[in-house]
Each structure stands twice: as C-alpha cells, then as structure tokens.
Amino acid sequence: MLTRNCLSLLLWVLFDGGLLTPLQPQPQQTLATEPRENVIHLPGQRSHFQRVKRGWVWNQFFVLEEYMGSEPQYVGKLHSDLDKGEGTVKYTLSGDGAGTVFTIDETTGDIHAIRSLDREEKPFYTLRAQAVDIETRKPLEPESEFIIKVQDINDNEPKFLDGPYVATVPEMSPVGAYVLQVKATDADDPTYGNSARVVYSILQGQPYFSIDPKTGVIRTALPNMDREVKEQYQVLIQAKDMGGQLGGLAGTTIVNITLTDVNDNPPRFPKSIFHLKVPESSPIGSAIGRIRAVDPDFGQNAEIEYNIVPGDGGNLFDIVTDEDTQEGVIKLKKPLDFETKKAYTFKVEASNLHLDHRFHSAGPFKDTATVKISVLDVDEPPVFSKPLYTMEVYEDTPVGTIIGAVTAQDLDVGSSAVRYFIDWKSDGDSYFTIDGNEGTIATNELLDRESTAQYNFSIIASKVSNPLLTSKVNILINVLDVNEFPPEISVPYEAAVCENAKPGQIIQIVSAADRDLSPAGQQFSFRLSPEAAIKPNFTVRDFRNNTAGIETRRNGYSRRQQELYFLPVVIEDSSYPVQSSTNTMTIRVCRCDSDGTILSCNVEAIFLPVGLSTGALIAILLCIVILLAIVVLYVALRRQKKKDTLMTSKEDIRDNVIHYDDEGGGEEDTQAFDIGALRNPKVIEENKIRRDIKPDSLCLPRQRPPMEDNTDIRDFIHQRLQENDVDPTAPPYDSLATYAYEGSGSVAESLSSIDSLTTEADQDYDYLTDWGPRFKVLADMFGEEESYNPDKVT
C-alpha cells in the first residue's frame, strides 16, 4: 500500500518538471518506505552552472486521519543537494496548515503533523517548501509546491438523513408490491476501501416486508394483508458499511407503514328485522326512524346507499343516507292514519357505492333487512273537507247574507262535536261572521269592490272534547262587481289638429276606462253628444274594439279664428245596468308642415314672424309688459290728480257751467262721494247752519275798466236754481253753494259774473291770453266780441 502511494507521488513530481535520480539510502526510514529523490532545476542559475542537480527527498506524502498517538505524526522529510550536513541550510514551510497543522525541522527538513486530522473535514493540504542560506537568507532552491493527503479510515457509520419514514400500501396487495425506498449516507471515502460500502437489512418487520440489501427498496413479503385485521406496521431498517462484514459500522431507521383501505367488504345489517313505532300525527317529511348496515371498510369504500324494495308501504316511506353516520334515515312521504291502517312492512337494501372490480368474485356487495312500522293512535284535531275555501259575493250585498259554509270533522274513534270561529288576526275589521255550530259564513258589513276586491282570512275549528286541538283553513272571498260607475275616456283628454287638415282625417285614437271590474267581453261604445252633432267641426268614429277615433269634418282650420274646440264624447258600457258618461275633449289647432308634423301650437305664434327666436319673443313680450305698466301708472296718476283738484279744470269753462246743474245728492249721496272737500273750510267752521255762501269780492291782478254783469249766465243759474227748488226729488242747495266757491289764492281770482259791477260789454277779457295755455279756450271765447255766442253756454 505504501509503495503504491510513493510511486504516485514520484510520478507527480516527475510531471511537475523535476528529474528522477537515485540517491543513497537515508539512515532514518519510517514505515519501511524507500527514500526517493526529486531534483528540481533552479531557474536563474544556469548561466553560472552548466548542469545543476538538486532535489527534495520525500519520505511520506500521506498522513492517517484520526491519529491518536502521544508524539506528533511523522509526515516526511525535505532535503537539498546543497545541504552538506554543515548546518548552513534552513528549511521553511508555508501554505495550508503550515505552523498550525504541520511543522518542519529547519535543520533536518522533517515534517510532522502536530494534531489529529479528519478527512471528512479536509481531505488534503497544499504546502510550499523553501531552502535558504542561513547566513545570507537567500533561497538556495526555487520554492516548490506539494500536497499532503489525509488517508481515510472507517470512522463514520451510515446515516439515514430522511428518516424516520412513513409509507402506505393498499391492503390485499400481492407479494413484492413496492412500498418505499430508503437510503443511508456514509461520510467515509467511497473510493478507498469498503468504508463507504453500505448493505441494508431488516431488523424488525418480518415476515410482512422485505428489503433489497443493495438498493434499499422495501416490498411486501406476505399476500392478502388485511387492513381490518392490522392496519399499522413498524419496520426497523439497518444500514452497515464495510459491505456488511464484521467490524463495520451500522445505522438504523424506522419505517411506519400503513395499509390503505380497499373495498373488499360488503355492508351487512346486524339484524334481519327492524321494528319502528310512529305516531299517526307525524308530519310529512319528518324522520320516523333509523337503521344501519355495518361496513368494516373505511372512507368512500364504506359509503352505503339504502333503497326501499317495492312492496307494502313502499309508496308511503322514503329512506336517505346520513353522510356522517352512514345510517339509513326513514322519512314519511304521506300522512298516516291509524283508523285506516295500523301497520306497514317493507324491505330495505344496503349496497356500496364504490365497488372494486378485483373483488367481484367474492359475491354481491349488498344486504337486505325487513322494516316493520307500527302506527300509534293520536288524538287529532278536526279535519276540514277542503284545504281552501273560495266564495263569491256581490258588492253592496245586505248585511247578514249567507255566502257559504265550511265543514270540519273529528276522524278519531269516538268523534267529538266541532266548533267554528274566525281568526281575528286575519279579519280584524270583522267584515264577516260565522255560525259556531253550522259553519255558515255571512256578511257583517257592506262590501265595496272598488275599495277591497278580495278578502282572505282564516277559520279555526276546535274539538268540543279537547278545545286545545284546533285546525285552520283559509277562506278566499271574491267581491263581484256591480256596474255602478260609468266609463271614462282614458288619457289623453287633449288632441291636436293641423290647420291644413282634410275632412275625414283621424287626429286622435281614444279608449275608455271603467272603475268597475268589467267582465270578460265588456264592450264600450263611443258617439258624439246630440248637442254637438249639429254642424260639427269634428265627429267620433267608433271602431267597435273599445277604441274610437276623432275625425275631422272640415277642410282646414284657422287658429286666428278659433284656437280651441271642445268636443263632447258619450261613452257607454255593456254591463247591466248600462252606464254612460259625457267626456269633453279639448282639440287645439296647430301649425303643421306639409307632412302633418306639428310645428307650433302656441297662441303667440299667430301674431309673430316665423323667423323670430325664443329670445326675441321674450324681449318683445317684456317691452309690451313695460308699456302696459307705464300706461296703467299714467292713468292712475291722472285719476289721483283729478280727485285732488276736483273741479279745477281750466281748459274749458263750459264744463264748469254744465257741472253747476249737478248739485250732488246731499245727505242721500254721502256714501257716493265726499263733498266736504268742495266746501269752504272757513265758512264751515264759522257758520255750520247756512251753506249758501257767496264768494267774496276778489281783486284782479291788474286794473281793468268796470264791465256790466253777464246776465246770460246769471239768468241761467237762477233758472236752474228755481227748477231745483221746486223739484222735490232734487238734491239740496248745499252742493250748489259749494260750487260757487272757487277757493282762495287763485291766480285768476273769481271768474264768475255773479255780483259783478260791470256789464259784459264793459269787461275786457284780453288778459286771459296772459294766463297761459290752460286759459286759451276762455281767451278765445271772450277775447273777441264777435265770436261770443250765448247759445253755446246753454
């Protein structure tokens, strides 16, 4: 072994550039290793020497791991040809582990390992050696690199890194069925010896399983292993190195193997007959009992389906599977009656849902049992003859009219009498009453179909022998309609007609609506009212399908002449008694295009240009409103001014003369107007008895010659005064007295000729022209003598 290692190192040195030359044997040899010489030429000294032969002597380049000796382990020796044994050469060592793992004797070149090495931690070390002169410290040889390998020993046992293992295999599997493969790892060198060669074996778990010693594959060793007999197995596996030889290291692991279930067992009933007792009052759909078949399998292989075999009672009962317990739950499909039948017998079949074809030969996977059900008698409430009662009654039927009856019976042995009453929760307004003994239903209020068309309430029946036992039934009463409302036109009530409409044109389709509940086939008729049938602009065409059309009778309509037309339409229904109504439709005349499309129906559009926009129309309307407001304000101001000035108009004196004839209503006319404003306030305060006050003489603003009295005016006034004094129906003189006073502070003073000292011929009225335009009429009348005409005054 050592010789082979030395040869390997020698070849490595040879290929590294050195020459192999024989040397004399060294006195110190270990492990019987023959010394060899490695000669390395020094680069850089060939100019001084023609041929230089130097080399290292290697005693050992392998070191054993896990060395436990007291002395450092000898590794090898370094030697140079220049070393003559005189102590002038010094050897140094550097690289992996130099000084810490490996040391060198500087004088002899011996290398030792100073601590124990582990190949699994580091398999080799790379070092560099150097020979230097002790005095000059210069290298005598080029630095050389070498490797020290750690030689493996069997110091690691196999280990199962993935253990413990869990595996499954179906039950009833054949021999050799694959279960699992295990693997052990040995940290020793697999290339050196048998330290890492592992062999597998079973220490526990036989004879059920076997293992391949080389691959570690576990297989079944017995046939037909039954999960229902034993489900869990624990197998102990050993892995041993050195090929299983004596002295090798071993490791173990545990493999837990579970047999999975297969459907190899049919369901079985534990007994052949099941007895059940069911009260006859059990509701439909309720569970009345449970039966169970046993299946030793597990999971879906143990799922059972139950079915009732056709026979006696099969149509009254049903059976379903409880998914949690796999029990068969028997339910009631129809009600039971003890008085009719007291017992039922039928068979139930249990079978597996998921079958395994490998076990078909074992027989059918199903079982059958008999179920006997006994019906128990229960004191039951009365039973109505119908599940729902429907009745009809006409509206406005007199109170107390019987509209129907309900019937309930006690079907138990020894039947009891039954009492009836209305559930007040469903008929809180008490529209109906019921006879407690007979069950007849009568009206308790007048019914109105338009208010409530249908009534729904409940009637309760109880046994006289046991009032707590009650049953309830719903009553549905439909209120029948009586034709009491006339039909009316459905929307729209307004129609439009084009100005360019032609005679016979349908402008609107109308229909009718009746608040009464019209029976099937109800027909409505439409016609024009008699007063509108004389020279009609429109007429009504009945289409005989509950609709009618508004038809034109003229050739063209004008909005300027008439914008709206009102058309009375008479509608009759076909019920008894016949009801009719007259409905007025509004027909608006509109402007349309040539196709009959309505363009405008507004009244304002008649008087406005066609091309005006909406904004322009609004502006025009706003201007009209403002002008109207100004006119109204002006008229109000004029009226207010006339009311303040009373009879002070100076534009025409003839008005004042004419008004003298109106003396007022006196005391009889105090409510018509207040004449107090026409009186002289000074005279009223001084003399409250006499009212015929004469005006004081007023000075004219300028001197004028005296003129004669105007006898025409005076005579006219005296004549009128006498006529009124004689007339008993004339008003008192107080109004005339008030007219005689013209007020104080007048610019023109008094214009009256009464008490005037001058005659009309002597007066000069030319000054009237100076009073302004208000006195222009007086100036024209009295300014020129030839233009004066007394007849005009009268």
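Predicted model: local features only at pLDDT ≥ 70, side-chain atom pairs only at ≥ 80, totals over all residues.

Residues are numbered from 1 along each chain as its sequence is written, and side-chain values use heavy atoms, with hydrogens and water left out.

Let us begin with the sheet. Strands here are DSSP runs of E with at least two residues, numbered from the N terminus, and two strands pair if DSSP finds at least two bridges between them. An open, mixed sheet is built from 4 strands in the order β18-β24-β23-β20. β18 and β20 stand at its edges with a single partner strand each, so one side of each has no neighbour in the sheet. β18 and β24 run parallel and are joined by 7 bridges; in β24, T370 is the bridge partner of I273.

| Strand | Residues |
|---|---|
| β18 | 273-279 |
| β20 | 304-309 |
| β24 | 366-376 |

Next come the cores. A nonpolar core is a set of buried (under 20% relative accessible area, 1.4 Å probe, protein chains only) Ala, Val, Leu, Ile, Met, Phe, Trp, Tyr and Cys residues joined through side-chain atoms within 4.5 Å. The largest has 25 residues, of which F269, F317, I330, V348 and V371 touch the most other members. A second, separate core of 23 residues includes Y557 and M585.

Finally, Q130 sits in strand β9 and counts as buried because its relative accessibility is 13%.

Note on methods: Buried < 20%, exposed > 50% of the residue type's maximum accessible area, 1.4 Å probe, protein only.
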